[in-house]
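Q: Please walk me through one part of this model in detail. Keep it brisk, and give the cut-offs as you go.

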Amino acid sequence: SPNPAEAAGQMVVFRNNDSVVHRVRLNDLSLDTGDIAPGATGGPIRMPSAGTNYHCFLHPTMLGAVRSETTGPPPCTGDYC
């Protein structure tokens with residue numbers, strides 16, 4: 001959250017506010033945070049350009065996208081759409 005994120009080119013920390021482990025992975029496989037335990041954080045990482053989609057490796061139906069204010073949300077592409 002938020003989704004889509006307005007974080008293109010910015011450093012991002014993923015915080016797991018859930019009660020189960022999550023793992024953020026970009027759909028193009030260029031980034032993987034590793035497992036993030038409940039209450040823990042993953043990162044910081046520099047998010048790539050707008051149009052990047054990501055998902056939870058452990059829960060593939062959990063999807064996210066990075067957008068910029070001018071481009072709007074990108075279409076979801078790849079295996080996790």
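What percentage of the 81 residues of the protein chain count as buried?

A: Of the 81 residues of the protein chain, 33% count as buried. Buried means under 20% relative accessible area, exposed means over 50%, and partly exposed lies in between, with a 1.4 Å probe and protein chains only. The model is predicted, so local features need pLDDT of at least 70, side-chain atom pairs count only at pLDDT 80 or more, and totals for chains, interfaces and linings use all residues. Residues are numbered from 1 along each chain as its sequence is written, and side-chain values use heavy atoms, leaving out hydrogens and water.

Start with the overall layout. The protein chain has five strands and zero helices. Both are DSSP runs numbered from the N terminus: helices are H or I with at least four residues, strands are E with at least two. From the N terminus on, the elements run β-β-β-β-β. The accessible surface of the chain comes to about 4900 Å², and 52% of it belongs to carbon and sulfur atoms. These areas come from the Shrake-Rupley method with a 1.4 Å probe; for residues, only the protein chains shown count as cover. Among contacts with a separation of 6 or more, 52% involve residues 24 or more positions apart. Contact here means heavy atoms within 4.5 Å.

Now the sheet. Three strands form an open sheet in the order β2-β4-β5, and the pairing is antiparallel. Two strands pair if DSSP finds at least two bridges between them. The edge strands are β2 (24–26) and β5 (59–65), each pairing on one side only. Neighbouring strands are turned by 30 degrees against each other on average, direction ignored. The axes are lines fitted to C-alpha atoms, for helices over the stretch in contact, and angles run from 0 to 180 degrees between N-to-C directions.

Take the β2 side first. Three bridges join β2 to β4 (residues 53–56). Valine 24 stands opposite cysteine 56. Arginine 25 faces histidine 55 in β4.

A hairpin joins the two strands through two residues. Cysteine 56 has histidine 59 as its bridge partner in β5. Strand β4 is covered on both faces. Asn53 and His55 are buried on one side, Tyr54 and Cys56 on the other.

Side chains of opposite charge can pair when their charged atoms come close. A salt bridge is counted when a side-chain nitrogen of Lys or Arg lies within 4 Å of a carboxyl oxygen of Asp or Glu. The count comes to three. Arginine 25 pairs with aspartate 32, the closest N and O atoms being 2.6 Å apart. Arginine 25 counts as buried because its relative accessibility is 18%.

Aspartate 32 also forms a salt bridge with arginine 23, at 2.7 Å between the closest N and O atoms. Aspartate 32 is partly exposed, with a relative accessible area of 29%. Arginine 23 counts as partly exposed too, at 23%. Arginine 23 bridges to aspartate 35 as well, with closest N and O atoms 3.7 Å apart. That pair links distant parts of the chain, twelve residues apart. Aspartate 35 sits in the loop between β2 and β3 (41–46), and arginine 23 in the loop between β1 (11–15) and β2. Through shared partners, the salt bridges join Arg23, Arg25, Asp32 and Asp35 into one network.
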